Amino acid sequence: MSGAIRWRTEIRAGDDAALMALVAETGVFSADEIAIAGEVAAERRARGGDSGYHFMIAEQDGAIAGYACFGPIPGTEGSFDLYWIAVHPARQGAGLARAILDRTEAEATARGARRMFIDTSATPPYAPARALYVACGYAQVALLPDFYRPGDAKAIFAKPLG
């Protein structure tokens, strides 16, 4: 992957499968999580903004290099969740995740976000993601033991926006 990054926020036909493939290639998500990534994209494609899901997609050389999915948390004022962020393994470590997160935060702020929350696993395979969040100004605000399964805690990060 060597071409310039092109950014888009809309889901297109075929993105469901492409996003599922990208998430699978990272090697950290379960089969259920991979399926959910496709379902969320399909929901956005079908219902648009009414789905509550918004996307920031980075394309390079005609393929999705990375993306984030985010949206407002129902019942809150200005709190948003980062539901997904994934970068193709060939692009990891080159700053693309930070660029996606920066653009996601700007887009969320434009949509009224005052604070972004991120939930992730506290297991070792997710250590690089947690390090990214801290490097981007997020603080871990909670740790829920055995949330995903025994021995797999949910770490919750938060950052004020704007």
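Visitor: Which residues are exposed on the other side of α4?

Guide: An α-helix has 3.6 residues a turn, so residues three or four places apart point the same way. In this predicted model, where local features need pLDDT of at least 70, side-chain atom pairs count only at pLDDT 80 or more, and totals for chains, interfaces and linings use all residues, P128 and V134 are exposed on that other side of α4. Residues are numbered from 1 along each chain as its sequence is written, and side-chain values use heavy atoms, with hydrogens and water left out. Exposed means over 50% relative accessible area, buried under 20%, and partly exposed in between (1.4 Å probe, protein chains only).

Visitor: Which residues of α4 are buried?

Guide: R130, L132 and Y133 are buried in α4. They cover an arc of only 155° around the axis, which puts them on the same side of α4; the arc is that of the directions from the helix axis to the C-beta atoms. Helices (H or I, at least four residues) and strands (E, at least two) are DSSP runs, numbered from the N terminus.

Visitor: What covers the buried residues of α4?

Guide: The cover includes β4, α3, β5 and β7, with contact meaning heavy atoms within 4.5 Å. Just after α4, G137 takes a positive phi of about 95°.

Visitor: From which element does the largest share of the lining of the largest pocket come?

Guide: That share, seven residues, comes from β4, while α4 (127-135) is among the elements that each supply at least two residues of the lining.
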